[in-house]
Amino acid sequence: MTITTSLRSCLRACMWPATVLLLSACSLEVTNPGPVNATFLDDKAAFPALVNGAGRDLAEALNWLSYTGAAVARELHPAGSTGSFGITPSQQGGKLVDDETGTHWQLAQRARWTSESAITRIKTVLGSTYATNAQYLQALVWVGYSNRVLAENFCDGVIDGSAKQDYSVYLTRAEAAFSEAITVATSQNNTTLLNAAKAGRASVRLLKKDLAGAVSDAAGLANTYAYKMPYNAIDADQYNRIYWATANTPYRAHTVWGTYYEAYYTASKDPRVAWGSDPKNPVGDAAVGNLGKVPWYFEMKFAAKDSPINLTTGWEMRLIEAEAKLVGGDVTGAMTLVNGHRVALNLAPWTATNATEAWTALKRERGIELWLEARRLADFRRWAAAGTPGATDDMTGRAVCFVTPREEKESNPNFKP
Amino acid sequence: MCSLRWSTRVGAFALAIAVLVPLLPLTAQDGSGVVRGRVTIAASGTPLASVQVFIVGTKAGGMTNNSGNYTISGVKLGQQTVRARALGYQPTDVVVNVTAEGARADFALNTAVVSLNEVVVTGTAGAARMREVGNSIGSVKINETPSIPTSVSSILTGQMAGVNVTGGSGNSGAGSAIRLRGMTSVALTNQPLIYIDGVRLRSDEYPKNVSSQAGQDLRSGHVNASPLNDINPDDIDRIEVVKGAAAATLYGTDAAAGVIQIFTRRGAAGAARWQVQATTGFNHLQQFGTDDAPYLYMDPFLRDGKRNGASLQVSGGTAGNTRYFLSFAGDNTQGVMPLDNERKFNLRANFDFAPMKNLAVNWNSSYSNDALQNTPAGNNASGLTLNAFRRDRNYFGNDSTYKIAQVLSYQLHTWIDRLILGTTATWTPIPALSSRVTIGLDRAAVENRNLRPYGFVAAPQGIISDQRWQNLTLSVDWANNYEHHFANQLVSTTSIGTQYVSSAVSNAEAYGETFPGPGVPTVSSAATKNAFETRQTIVTGGAFLQELLGWKDRYFVTTGVRIDGNSAFGKQFGLQTYPKISGSWVASEEKFWRWPSATAKVRAAYGEAGRAPGAFDAVQTWNPVGWGGLPAFRPNNVGNADLGPERTKEIELGTDLTLLDGRASVNLTYFNAKTSDALFPVRQIPSEGFGGSQLENVGKLAKHGIELSVSGTPLDRKYATVKTSLALSTNKSELVSLGGAPAFSLGSFGWAIEGQQVPVMRGKLIRNHDEMGAIPDTVGNYLFGPSQPTHIINGSVSVRTWRDITLSVRAEYQGGAFMNEDASFQALQRSVKWPTCFRAYDALAASQPITAWERATCVPANVKQDMFIFPADFFKIRDFTMSVPLGKLIPRTTSSMFVFTAQNFFRKNYGMPMFDPEQSGNSGFNAAVRYISEHIPAPATFSASVRVSF
């Protein structure tokens with residue numbers, strides 16, 4: 001065989017790999033199932049799932065904030081567990097440090113962003129008809145509550161990678177969203193979301209010290225009204241986290257022992273702060289610092305994996321009205337409203353002979369009424385800032401808000417401490 | 001029909017040979033004689049087939065058969081020198097006096113530590129001689145390893161400079177991480193590519209037995225099995241390793257972390273050769289706590305786990321180029337944990353045949369079935385180790401054996417089915433041209449069943465999950481070589497080829513909880529159920545061109561290029577090109593060379609290779625999820641249309657020397673690798689919604705180091721041989737640039753920080769560690785050092801003594817790394833009375849001072865998680881082996897051997913007070929940064945084996 005012949009053979013041989021390469025290159029495109037491309041969400045058929053996702057995000061944020069916030073706000077006492085479903089040593093000491101607030105911040109910011117981006121997407125896709133869309137209304141309500149959750153729990157305001165702002169930026173956004181929701185719900189004749197928006201705006205206006213506006217919004221809501229964030233037993237990250245952390249499977253991570261509510265419930269049997277104990281498991285699941293093992297008194301407000309958390313209630317509206325009266329100097333009128341739910345529950349009413357005692361009663365009653373609902377830190381912060389009289393839990397040396405986490409500080413070039 | 005007729009002809013021919021050959025007169029009548037004998041491997045006594053044996057100075061010679069036997073007829077009477085020669089072994093002479101009755105010359109061949117003509121294939125387009133290769137190639141020949149290999153990982157452990165096998169735990173089935181020259185990537189896997197007989201395998205770990213159900217991620221044994229350990233180590237002939245981009249360019253995208261190629265045994269011409277092996281032994285856990293608590297309160301639960309195994313191999317072939325190798329192995333191994341057990345079966349069938357004159361076909365097939373049972377362990381509130389370690393501060397609030405043993409009703413079963421099929425056809429139409437196609441299929445199917453039965457202490461209503469996971473890798477590799485001899489001793493070898501690899505992973509899981517009552521449940525038994533499914537396919541297609549020029553058979557230059565496309569690349573990203581160039585010079589064949597007993601090769605190589613991102617990394621995606629029965633979408637991945645592979649460029653310089661006629665060798669390599677466009681998980685701004693991180697090609701990494709291997713045979717006499725080897729490897733990495741991204745955590749206190757090694761361990765340093773009575777003087781965010789070892793020393797000594805009894809020992813030292821030991825933190829922060837604090841407790845009770853370290857760690861209020869970063873330096877004796885050749889002690893056998901091996905029976909830590917720095921935590925052996933959680937270390941293994949050939 002000559003060289004020419006063998007080279008020809010070689011060239012022929014070389015053609016095959018090139019052919020195979022071309023064929024293989026054609027099949028390098030792969031469509032993998034599961035996650036969807038963002039453009040898929042521009043189909044209006046995807047809007048319900050998009051808005052439900054925003055709701056789920058808010059549920060998850062509320063779940064984490066209510067538990068950790070409860071530990072810091074002395075609504076619960078740690079019972080030992082520090083890892084999964086536990087309370088870290090820093091949080092046990094009432095500290096919210098920036099390397100432990102990342103999850104809370106991430107979840108709360110995501111809840112705000114998903115609902116706000118849903119609004120933008122729905123408007124873009126539907127054009128001028130967006131206000132007639134039911135998902136648009138629900139998204140507005142989620143925007144309002146997600147911003148309220150941020151305002152009530154975080155120290156700083158940051159929007160979409162912005163510079164650090166005062167946390168009141170969330171209140172402004174919440175109020176705007178609730179206001180639009182009220183308009184849209186009215187036009188859509190959706191009473192459920194109309195009430196949810198009104199109650200949400202009332203609570204926001206209280207935080208903004210717009211007491212007249214708050215009272216106006218609260219006025220139309222019945223005592224028994226409640227708008228609740230649902231949880232479910234399908235996936236553990238959708239379980240009610242406070243319940244699950246002390247469901248003894250195997251965590252007994254927190255206890256009512258050592259809180260105001262331990263003795264208060266023993267004396268009053270107020271069902272709003274009920275707790276129980278188990279002779280077979282008398283102590284928490286580990287040791288708490290120098291305290292060692294502590295008694296395990298499990299809360300009973302959330303008695304199942306799918307126990308909802310109140311976003312707002314009519315009784316909260318009464319307390320908003322009470323606070324407005326107190327600020328206005330009407331102690332008697334305020335105490336009537338403060339005791340409204342207690343009377344309905346056949347509990348002994350608080351008594352107050354002066355404004356200071358009335359403030360003490362109001363502060364205690366808000367603690368009881370909104371127990372474990374991620375509301376307490378905001379109350380401590382605003383009352384301290386306003387210098388209101390009256391006693392409440394000793395928060396000396398304890399955090400009253402979640403600091404902006406390292407994750408935001410280190411990744412956001414606009415964030416200046 | 002054609003192949004049937006062909007095989008019939010071959011069979012008839014073989015039968016004729018088999019009948020006729022014994023009838024041939026072997027003793028000549030004309031003044032010549034017959035030399036017979038047997039060739040074995042000196043280290044193991046194993047018969048060696050296909051050895052060329054000849055009478056020096058004559059044309060008389062022959063080849064050994066499967067039993068190592070040979071016969072040379074027509075040898076002139078009188079004193080003759082008989083020489084045995086085989087690739088990879090030192091040529092050996094025996095002088096015999098040939099008489100009319102014949103003569104016998106037996107050989108025990110020692111390996112030639114480096115042979116310039118030894119053929120390698122890994123990292124080259126086709127087969128290449130070592131003299132032609134410009135990069136370093138590590139190689140392990142199984143016949144030369146004296147110990148009884150328990151896994152592929154154990155074969156590679158401590159064998160080669162630059163190869164680090166580490167990780168795993170003491171649980172049955174736990175795999176090990178393999179790092180070639182340390183870490184190459186911070187965001188992607190650092191496991192090298194694995195090939196077996198040219199077939200691409202999965203190299204990353206199998207999923208551990210844990211449910212996808214949210215909140216259940218800790219309920220497991222936290223054991224990651226390695227696909228590498230499905231391969232029966234007894235089936236392996238040799239393993240080749242190329243350690244970096246300079247050598248792995250032709251593998252393209254995904255090869256930056258190096259390539260390991262396993263070659264299984266083949267049959268040799270001759271009658272069937274049978275080998276039976278029976279192994280027995282036990283696993284025993286060595287102390288990993290302090291002297292006061294040697295097993296950290298696990299004592300009541302531990303046992304010596306029995307090991308029993310048997311294997312059968314048969315190989316042979318016809319004179320007509322048909323060869324076969326068949327094997328079966330079965331092993332049953334108890335773990336040291338009370339529920340741990342592994343039962344494994346392996347089958348292999350390799351065939352080689354030539355259906356046409358110019359066509360050779362190799363067929364490789366193997367099947368393995370591994371049934372694992374594990375004890376709940378790791379950082380798992382329902383685990384045995386966690387509850388034992390934490391004493392009365394555990395989840396029972398009680399340290400009684402009875403209480404803790406309640407977790408043993410937890411059932412963790414894993415079944416792994418593995419099928420590997422491959423065929424290679426090599427067509428050689430003319431001597432100068434060859435075309436080779438390899439088609440391979442690797443299917444791994446894992447079932448993980450995780451059951452907490454009704455009445456289980458921490459889930460009284462019961463929980464079950466059953467996961468079916470499958471990986472299917474399909475690979476096609478086509479390589480064509482054309483060799484042309486020019487004038488002036490110039491030889492050109494041109495290679496062109498293409499590769500296609502498709503890797504598809506599918507995963508489906510059913511989950512249920514709340515059973516109606518006792519009994520053996522299925523998921524269907526549960527009152528509430530959930531299901532999960534993921535599917536992911538990644539395809540890589542590429543082509544390469546290589547040109548090897550050789551002049552005078554001692555100057556060689558290789559250039560090449562590989563072009564790749566990958567389904568995971570971003571849409572803005574096109575094909576990737578990876579070039580390479582290398583050269584080698586056999587200096588010892590120059591005229592100036594004055595040391596005839598020595599050979600020397602100088603080499604240099606430059607090459608590039610990549611690592612591809614994951615299937616979804618380039619695209620902005622949302623996750624479809626549910627919300628209490630309603631459909632929901634939530635943000636998943638922010639996406640990056642410009643995403644491409646990270647590219648590693650590596651330079652290798654080195655030399656390979658042999659001295660004293662091959663009795664000693666020195667291999668020295670310097671490498672310097674830089675990864676540009678390194679993929680970093682750039683943290684997204686949480687307030688922008690997506691949060692988490694997104695892979696971006698923003699970073700630059702660098703590493704360099706030296707690998708030195710020295711081996712030799714300082715003593716080689718008739719009744720005694722001493723062999724030694726020493727390997728040193730260093731590795732210094734640096735994160736050159738974060739590309740503007742902020743420093744980020746890789747978990748377990750490992751960080752990516754500009755100017756530091758990758759990853760660097762960051763935590764709290766106590767500066768006055770031993771100062772008595774002092775308040776701890778701490779420094780936060782202190783940079784301790786790298787999480788990967790910076791220097792590794794391996795050494796071995798093998799002594800052949802009386803009656804060829806061989807004793808060998810292999811040891812390893814690793815230094816320079818730091819590691820987070822989290823188990824102590826988790827215990828101490830919960831006020832567990834912990835053995836490292838016993839002295840402090842006594843001192844405090846007696847109002848005596850304690851050290852700053854004790855004050856920081858033994859007083860629960862002071863304990864911080866980042867205080868427990870320790871040096872991970874250690875020394876281990878990897879194995880001790882005694883091999884006793886039994887000859888024909890057993891009737892009707894050709895040879896037999898008794899081997900005793902003890903592995904991992906001695907460890908000394910330098911810095912870490914407890915545990916084994918080679919352990920891994922919940923995140924598995926392949927984590928970017930390993931840490932120690934509530935696990936036990938790998939136990940010592942003691943095995944005795946009898947191997948019989950007939």
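A quick word on the ground rules. What we have here is a predicted model, where local features need pLDDT of at least 70 and side-chain atom pairs count only at pLDDT 80 or more, while totals for chains, interfaces and linings use all residues. Residues are numbered from 1 along each chain as its sequence is written, and chains are lettered from A and ligands numbered from 1 in the order in which they are written.

Okay, where do the two chains touch? On the chain B side, 70 residues are in contact with 72 residues of chain A. Contact here is a C-beta matter: two residues count if those atoms, placed from the backbone, lie within 7 Å. Several elements of chain B give two or more residues to that side, including β23 (411-430), β24 (433-452) and β28 (555-566). When I say strand or helix, I mean a DSSP run, numbered from the N terminus: E with at least two residues for strands, H or I with at least four for helices.

So which element gives the most? That's β27(B), with 10 residues. By class, this side of chain B has 33 nonpolar, 31 polar and 6 charged residues. For the classes, Ala, Val, Leu, Ile, Met, Phe, Trp, Tyr, Cys and Pro are nonpolar, Asp, Glu, Lys and Arg are charged, and the others, Gly among them, are polar.

Strand β1 (residues 36-37) of chain A pairs with β31(B) in the antiparallel sense, over 2 bridges. Pairing means that DSSP finds at least two bridges between the strands. Within that pair, Asn37(A) stands opposite Thr621(B).

Now a helix pair in chain A. Two packed helices are described by the angle between their axes and the distance between the axes. For α5 (residues 134-153) and α7 (residues 191-207) of chain A, the angle is about 25° and the axes are 10 Å apart. The axes are lines fitted to C-alpha atoms, for helices over the stretch in contact, and angles run from 0 to 180 degrees between N-to-C directions. That makes α5(A) and α7(A) roughly parallel to each other; the cut-offs are under 35 degrees for roughly parallel, over 145 for roughly antiparallel, 65 to 115 for roughly perpendicular, and oblique for the rest.

Which residues meet there? Among them are Leu137(A), Val141(A) and Tyr145(A) from α5(A), and Leu193(A), Ala196(A) and Val204(A) from α7(A). By class, the contact of α5(A) with α7(A) has 9 nonpolar, 4 polar and 1 charged residues.

Back to chain B for some strands. In β12 (residues 163-166), Val163(B) and Val165(B) point one way, Asn164(B) and Thr166(B) point the other way, and all are buried. Buried means 20 or more other C-beta atoms within 10 Å of the residue's own, exposed means 12 or fewer, and partly exposed is in between, with C-beta atoms placed from the backbone. Strand β12(B) runs antiparallel to β13 (residues 177-180) of chain B, joined by 4 bridges, and Val163(B) has Leu180(B) as its bridge partner.

Chain B also has an open sheet of 5 strands, in the order β11-β16-β17-β14-β15, with mixed pairing. Its edge strands are β11 (138-141) and β15 (199-201), each pairing on one side only. Neighbouring strands are turned by 20° against each other on average, direction ignored.

Most residues other than glycine have a negative phi, and most peptide bonds are trans. Leu372(A) has a positive phi, near 65°, and lies in the loop between α14 (355-369) and α15 (376-386) of chain A. Is Leu372(A) buried or exposed? It's buried, because 25 other C-beta atoms are within 10 Å. Gln489(B) also has a positive phi, near 60°, but Gln489(B) is exposed, with 12 other C-beta atoms within 10 Å.

As for cis peptide bonds, one joins Thr249(A) and Pro250(A), with omega about 5°. Another runs from Val758(B) to Pro759(B), with omega near -20°. Pro759(B) is in the loop between β39 (750-752) and β40 (760-766) of chain B.

That's my tour, so over to you.
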